[in-house]
Amino acid sequence: MTVDRKKSPLKNPGMQRSYLALGLEGSANKFGAGVIKHSEDGSTTVLSNIRHTYITPPGEGFQPRDTALHHRQWALQVIEECLTKASTTLHNLDCICFTKGFFVFFRPGMGAPLQSVALVARTLSLLYDKPLVGVNHCVGHIEMGREITGAKNPVVLYVSGGNTQVIAYSRQCYRIFGETLDIAVGNCLDRFARVINLSNEPSPGYNIEQEAKKGKRLLSLPYATKGMDISLSGILTAIEGYTADKRYKTEPCDDPNAITPSDLCFSLQETVYAMLVEITERAMAHIGSKEVLIVGGVGCNERLQEMMGIMARERGGNVFATDERFCIDNGIMIAQAGLLSYRMGQVTPLAQSSCTQRFRTDQVLVSWRS
């Protein structure tokens, strides 16, 4: 018997009806809700994608307890706005999807915010008698990126505040080829933004990107690729050390040897992104791929996209990325991955709807791909 490997294993590929899902995300400082529609003709439509961000003062990070409180305070308003924009109600949904967990390397994740969102999802599930679907945070990023960009079978660079991984699909699993050995790239950028007192609005990483555009000096920093993995803690320590250098000046001056915050942001970006490009290129060579998909909050950084694009074009390939609507944590990515799971018959029983901060990308059965 001949098997068509390109045929989608999704149940009801020639659907007799459309499917609707609500996705809820809140694993970090953003509470997001989104409604997605899978139509009879196989197309996917984003009906709404709403989020609210918990922003702290410059120099401060966000604490789990305060972030969870923010999510509880904003959940009802964000969900109502999401449903209104989608012109639907909870009664019309096929399932309610939520972030069940993710994996944060060598540090605890944001357990309290995760639990707050899961509680909202459980409550809605019971009130409206809708099945629950727990979603891996990273898989949500990947599936939304694939849907928006049209990338077929790319090497995925997942870069966020919680983790950094190079991923490729094989045999119904997103397999990890390389990852950070300590802190994530987004966490590295955020922590340095606090050191130089950059604003957290709209995000520390965005403000570092804008500062880097004004940088003129490339300073020496540790370049720590270790096979397919990278280490970022030493780079963070080194870049923080420059702020104690007598040449470091926060105000404009005529000293040609002066080191400015812009120089530090420029140097940090160039060094870290070069490391990410290197390990991504190795993965492309290993699996013979011509496509790179960048997902996660750091993925909307234009300089990272530019550097990755140069590498991809030299290999005769392409780079795919989305803007901040889909790169930064959002509810619609949870809805997309969750609805794919639901259509394959995968639901999460209420008794198993607890959250976990140790949910690796390669633990997920990607049953909807051949």
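## About the model

Residues are numbered from 1 along each chain as its sequence is written, and side-chain values use heavy atoms, with hydrogens and water left out. Because the model is predicted, local features need pLDDT of at least 70 and side-chain atom pairs count only at pLDDT 80 or more, while totals for chains, interfaces and linings use all residues.

## Where α3 crosses α10

Let's start with two helices (DSSP runs of H or I, at least four residues; strands are runs of E, at least two; both are numbered from the N terminus). The axes of α3 (residues 137–149) and α10 (residues 331–343) come within 8 Å and cross at roughly 90°. That makes α3 roughly perpendicular to α10 (65 to 115 degrees). Axes here are lines fitted to C-alpha atoms over the stretch in contact, with angles from 0 to 180 degrees between N-to-C directions.

On the α3 side, H137, V139, G140, H141, E143, M144 and E147 meet I332, M333, Q336, A337 and L340 of α10 (contact means heavy atoms within 4.5 Å). By class, this contact has six nonpolar, four polar and two charged residues. Ala, Val, Leu, Ile, Met, Phe, Trp, Tyr, Cys and Pro count as nonpolar, Asp, Glu, Lys and Arg as charged, and the others, Gly among them, as polar.

The largest pocket holds about 1,200 Å³ of space. A pocket is an open set of points on a 1 Å grid over the protein atoms alone, with protein on both sides within 12 Å along at least five of seven lines; lining residues have an atom within 4 Å of a point. Of its 48 lining residues, N29, K30, F62, G161 and D190 are the closest to the centre. Two or more lining residues come from each of β3 (44–53), α4 (185–195) and α5 (204–212). The lining has 18 nonpolar, 19 polar and 11 charged residues.

Just after α4, N197 takes a positive phi of about 65°.

## Two cavities

A cavity is a set of grid points where a 1.4 Å probe fits but cannot get out. There are two cavities of 30 Å³ or more. The largest has about 40 Å³ of space, and its lining includes F102, Y158 and R360.

The second largest cavity, of about 30 Å³, is lined by H141, G145, I294, V295, G296, T322, F326 and C327. This lining has four nonpolar, four polar and no charged residues.

Technical notes
Parallel < 35°, antiparallel > 145°, perpendicular 65-115°, else oblique. Points joined across faces, edges and corners; volume = space filled by probe spheres on them.
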